[in-house]
Amino acid sequence: MFNPIVILQSIVSGILMGGIFALLGVGFSLSWGVMKVINIAHAAFGILAAYIAYWGLTLYGIDPILSLGLSLPLLFLTGLMIHRFLIQPITRAREIVVASMILTFGLAVVLENIMLFAWSADERLITTPYSSQSIFLGEIIVKISSLLGFVLSIFGIGAIYLFLYHTHTGKAVRATWQEPEGAALQGIDLERVSMIAFGLAIASAGAGGVAMAYMYSFNPPAHNFWLIFLFLVVIVGGVGSIFGSAIAGLLIGLITGVSGAFFPFQWINVLLFGLLMGILLVKPEGLFKR
Amino acid sequence: MRKDLLTGVLVLILSLLFGLVSGALRGSSAAEKPIVIGGSLPLTGTFAATGRWVERGYQFWAEEVNGKGGLLGRPVKLIIYDDKSDAKEAVSLGEKVITVDKVDLLLGGYPGTACTAVMPVAEKYRMLYVSMGGHMKSFSQGYTYSFGSPPLMGEWWYLGFFEWMKTIPPDKRPKKAAVYTMNNPIGIALVESLYKGCKDLGIEIVIDEKYNLPLTTADTMITKAKQMKADLLFANGMFPDGVMTLRACKALDYSPKAIVQGIGSVIPEWTKELGKDGDAIFSGTSWHYKLKYPGNDKIIKVAKERFKEDEPPLYFGFGYAWMQTLQQSVEGAKTLEQTRIRDWLRSNEVKTIAGNFKFDEKGLPKPFVYLTQVIHGNVELIWPPEMRTHEPVYPKPPWK
């Protein structure tokens, strides 16, 4: 059914959704790019932030966006601690990528079970007064919750970009990522820089988690579903590329949204993962990795 | 001679004494030896939340039976292993309870995938297996020891909805239906009664699409339904995708005459998390605590007092109803001999909190599913009329 309204609506919804995928994925890409750490627990931290937002809203009526004032510093500090006590000891491993995957897989399992114990497996939903409100642009409708998630994404990715490109520490992070030995020779403290980058990555997972919770119901095991988008964003956008993550997120959102207007919905995942395979074959380093 | 006589009398007395003592011992041992009922449930993993409610239903039944003197005069003891939400593990544990633990009776499992996998094991060892089953396919394999009491039958899911819809004047019925179905065995099972019902009532299905889980967006689906002017929406999904679909309906201002949700709207999370937006949604169920069958009042009381649940969870009731069936079969057959219990169940009616059932050769009762609707945050029974707890809300009011 090639209905212009359906197509336009799908494009709008796809872009908004894609922005949120990008925010969730950008920190994952950062820790993979800078530290060669594939953090399987990344999305689980997003779920943790979603729970903080949920309980803040349910118990005290705090808007989920405001809850980030608590969850972002908390997750940043958690990221620093995890890096210091879990990641640093494995940096001497020959296969740090594999070692980090195994370690963070364990971390994800632990975190999931702690959340299950604390909050059970019940599905939770962030319901604010604007959750199902929309802005009407003729026949095209913009969901306020998706728009908020998208705006959060712009701020989140923008902040990471500014940090990396316009602060001394951010430049040190990039230098470490591009040439660790050269960065060390320039007097950059690799461990400190990596620790800050990891803290930042975990904090960004929190922002992404809250944005995702505006769209999806969640429970502790839901991070396994969110993890799919992380890999998609990084593989399509290129490891460590902030710009790539942003574009990849939008692209994935658009494909997911728009393909439903042209093809049966059951083909969406086939198209999405077909794209992923195609990119891996043609440009295995990702579309935007220089 | 006298000596021989004395020896004989002594032997006789000792024999009698030994016989009496050993008889008494045998008697006391038989009285105390429990009937062991075993199986597995998903106590950890994906289905743990529901599995634990089934377990609580089983435990409550056992407590109650033991409090009333046991089953066939013997106490019951449950052995419940954790299959970690893995159907393969459920099969291994099914074999284990039969061959190693040598249980007297089998416990039904959860979810449908585990039941489907354990049903052939029960058949192989000729053990009675009462569970929800795994939809019609699992009951169509020729098994003779498996019973659904009550079953969870996707293929019957919308029987109640269409029976009720027949009572709506034809000019007020929906004309066009949009059907979105999760692409898995549960979703596929749901559409059978839907196709038949729409055909019988002359409702045209203008959209009939499947989607893979997890659903990433429902916006495009709902935009399509709105553009096609479908005035009946079937969202054949579960809680996460159901919530997305409903939120998309509201955000995109799509108000059909009725929205029918596959699974998910009868659990407390639906009303708790969605609030008023979750109202007026129809669905089906095989058990509800408001059903007017004896025992439901007790279930409500226990759920409230022991588990602080205002509404007894669905699978707490299911677990209890399956055990009621097992209990009545054993008491009816007056034996633990499996084939005799099965034969009794084949030819007699059992009375459970979910209904009174007689079974066909597949091990299924007469097709039934109760129609529910969420009204003012409560799951109400709409059909059959004798079970109705609230007048239905139809057509669905526009979004506020």
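Two strands count as paired if DSSP finds at least two bridges between them. The exercises below use this on a predicted model.

**Exercise 1. Work out the strand order of the open sheet in chain B, and identify its edge strands.**

Solution.
1. The open sheet has three strands, and its order is β2-β1-β3 (chain B).
2. The pairing in this sheet is parallel.
3. The edge strands of chain B are β2, residues 76-82, and β3, residues 105-106, as each of them pairs on one side only.
4. Strand β1 of chain B covers residues 35-41 and is joined to β3(B) by two bridges. The pairing rule asks for at least two bridges.
5. Where does B:Ile37 face β3(B)? B:Ile37 stands opposite B:Leu105.

**Exercise 2. Describe the domains of chain B and the contact between them.**

Solution.
1. The domain assignment gives domain 1 of chain B as 32-153 + 291-357, and domain 2 of chain B as 156-285 + 370-387.
2. The C-alpha centres of the two domains of chain B are 30 Å apart.
3. Seven residues of domain 1 of chain B touch nine residues of domain 2 of chain B, where contact means C-beta atoms within 7 Å.
4. What is the make-up of the domain 1 side of chain B that touches domain 2 of chain B? The residues there divide into four nonpolar, one polar and two charged.

**Exercise 3. Characterise the fold and overall dimensions of chain A.**

Solution.
1. Chain A has eleven helices and two strands.
2. Read from the N terminus, the elements of chain A follow the order α-α-α-α-β-β-α-α-α-α-α-α-α.
3. Along its principal axes, the C-alpha trace of chain A spans about 60 × 50 × 35 Å.
4. A compact globule of 290 residues would have a radius of gyration near 19 Å; the value for chain A is 19 Å, so the two agree.
5. Of the 290 residues in chain A, 52% are buried.
6. Take the contacts in chain A between residues at least 6 apart in sequence: 79% of these join residues at least 24 apart.

**Exercise 4. State the confidence of the prediction for chain B and for the complex.**

Solution.
1. The average pLDDT of chain B is 91, and 92% of the residues score at least 70.
2. Which stretch of chain B has a pLDDT below 50? The stretch is residues 15-30 of chain B, which has zero contacts in the model beyond near neighbours in sequence.
3. For the complex, the predictor gives an ipTM of 0.85 and a pTM of 0.84.

Key:
Residues are numbered from 1 along each chain as its sequence is written. Chains are lettered from A and ligands numbered from 1 in the order in which they are written. This is a predicted model: local features need pLDDT of at least 70, side-chain atom pairs count only at pLDDT 80 or more; totals for chains, interfaces and linings use all residues. Helices (H or I, at least four residues) and strands (E, at least two) are DSSP runs, numbered from the N terminus. The radius of gyration is taken over C-alpha atoms; the globule rule is 2.2 Å times the number of residues to the power 0.38. A residue is buried if 20 or more other C-beta atoms lie within 10 Å of its own, exposed if 12 or fewer, and partly exposed in between; C-beta atoms are placed from the backbone. Two residues are in contact if their C-beta atoms, placed from the backbone, lie within 7 Å. Domain bounds come from an automatic or database domain assignment. Ala, Val, Leu, Ile, Met, Phe, Trp, Tyr, Cys and Pro count as nonpolar, Asp, Glu, Lys and Arg as charged, and the others, Gly among them, as polar. pLDDT is the predictor's confidence in each residue, from 0 to 100.
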